[in-house]
Amino acid sequence: MKRTLLLITFSAILSFAGCKKDRINNLNSISYGTSFGMCVGYCSNNLFISDLKLTFSKSKNGQATDTKTCSKTISEADVNAIKNELNMEKIAALPETIGCPDCADGGAEWIAINADGKQYKITYEYGKAPKELEAAVARLKLLKDGFKDCN
C-alpha cells in the first residue's frame, strides 16, 4: 500500500513538473524592429512573424514615407526555436521601456509578443537587449538580415 501511494505521488509530481508556466503555449505573433530618429534612408525596420509567415518592412523617415515590404515562409522549427528562448514570466517582469531608446540618435530596438492571451512590447536602446531577450533577439536579427535584398 505504501509503495502504491509512493508511486502515485511520484507520478503526480512528475506530471506537474512538465508544466512550465514560463513557456509559450499559444503564440499568435512575434514582432521585432529597429528605428533611428535622426536618419536618412530606411530608418525603421520591422519583422513580423505569424502563422509561419515572416514579413519584413522598412520605412523612410520624413513627410513622404516610402515603405518596402517583403515576405517569406518560416519553418515551424524556427518559430519554436524563438519561442523556446522566451520566458514569459521574465518578460512580464520587464518594464515597457528600458534605458533611453533613440536618445542622442542612438537608435531603438523593440520586441513584441502576443501569446497566451497576453501582449508585451519591450523597447530598449539599440544593441542593448536585456539578458532575458538576448537569445531571442539574436535569432530575430538573423531572420531580419535575410531580407537585405528587400528592395
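Is Cys 150 buried or exposed, and what is its relative accessible area? Cys 150 is buried, with a relative accessible area of 1%, where buried means under 20% relative accessible area, exposed means over 50%, and partly exposed lies in between (1.4 Å probe, protein chains only).

This is a predicted model, in which local features need pLDDT of at least 70 and side-chain atom pairs count only at pLDDT 80 or more, while totals for chains, interfaces and linings use all residues. Residues are numbered from 1 along each chain as its sequence is written, and side-chain values use heavy atoms, with hydrogens and water left out.

**Exercise 1. Describe the secondary structure of the chain and the order of its elements.**

Step 1: The chain has four helices and seven strands, where helices (H or I, at least four residues) and strands (E, at least two) are DSSP runs numbered from the N terminus.

Step 2: Reading along the sequence gives the pattern α-β-β-β-β-α-α-β-β-β-α.

Step 3: Of the 151 residues in the chain, 34% are buried.

**Exercise 2. Find the disulfides and state how the cysteines are paired.**

Step 1: A disulfide is a covalent bond between the sulfur atoms of two cysteines. The cut-off used here is a pair of cysteine sulfur atoms within 2.5 Å, and a search of the whole structure finds three disulfides.

Step 2: Cys 39 is joined to Cys 43 with an S to S distance of 2.1 Å, and this link is left-handed, with -90° about the S-S bond. Cys 39 counts as partly exposed because its relative accessibility is 28%, whereas Cys 43 counts as buried because its relative accessibility is 2%.

Step 3: Cys 70 and Cys 150 form a disulfide with their sulfur atoms 2.0 Å apart, and the link is right-handed, with 95° about the S-S bond. This pair links distant parts of the chain, since Cys 70 is in strand β4 (residues 67-73) and Cys 150 is in the segment after α4 (134-145), 80 residues apart. Cys 70 is partly exposed, with a relative accessible area of 22%.

Step 4: Cys 100 is joined to Cys 103 with an S to S distance of 1.5 Å, and the link is left-handed, with -50° about the S-S bond. Cys 100 counts as partly exposed at 37% relative accessibility, and Cys 103 counts as partly exposed at 35%.

Step 5: When the bonded cysteines of the chain are numbered in sequence order, the pairing is 1-2, 3-6, 4-5.

**Exercise 3. Examine the aromatic pair of Phe 56 and Phe 147, and then find which lysine lies over the face of Phe 147.**

Step 1: Rings of Phe, Tyr and Trp (its six-membered ring) pair if their centres lie within 6.5 Å, and planes under 30 degrees apart count as stacked, over 60 as edge-to-face and the rest as tilted. A search of the whole structure finds two aromatic pairs. One of them is Phe 56 with Phe 147, whose ring centres are 5.2 Å apart and whose planes are at 15°, so the pair is stacked.

Step 2: Phe 56 lies in strand β3 (residues 53-60) and Phe 147 in the segment after α4, so the pair ties together parts that are 91 residues apart in sequence. Both Phe 56 and Phe 147 are buried.

Step 3: A charge sits over a ring if NZ of Lys or CZ of Arg is within 6 Å of the ring centre and within 35 degrees of the ring normal. Lys 72 lies over the face of Phe 147, at 4.5 Å from the ring centre, and Lys 58 lies over the face of Tyr 42, at 4.8 Å from the ring centre.
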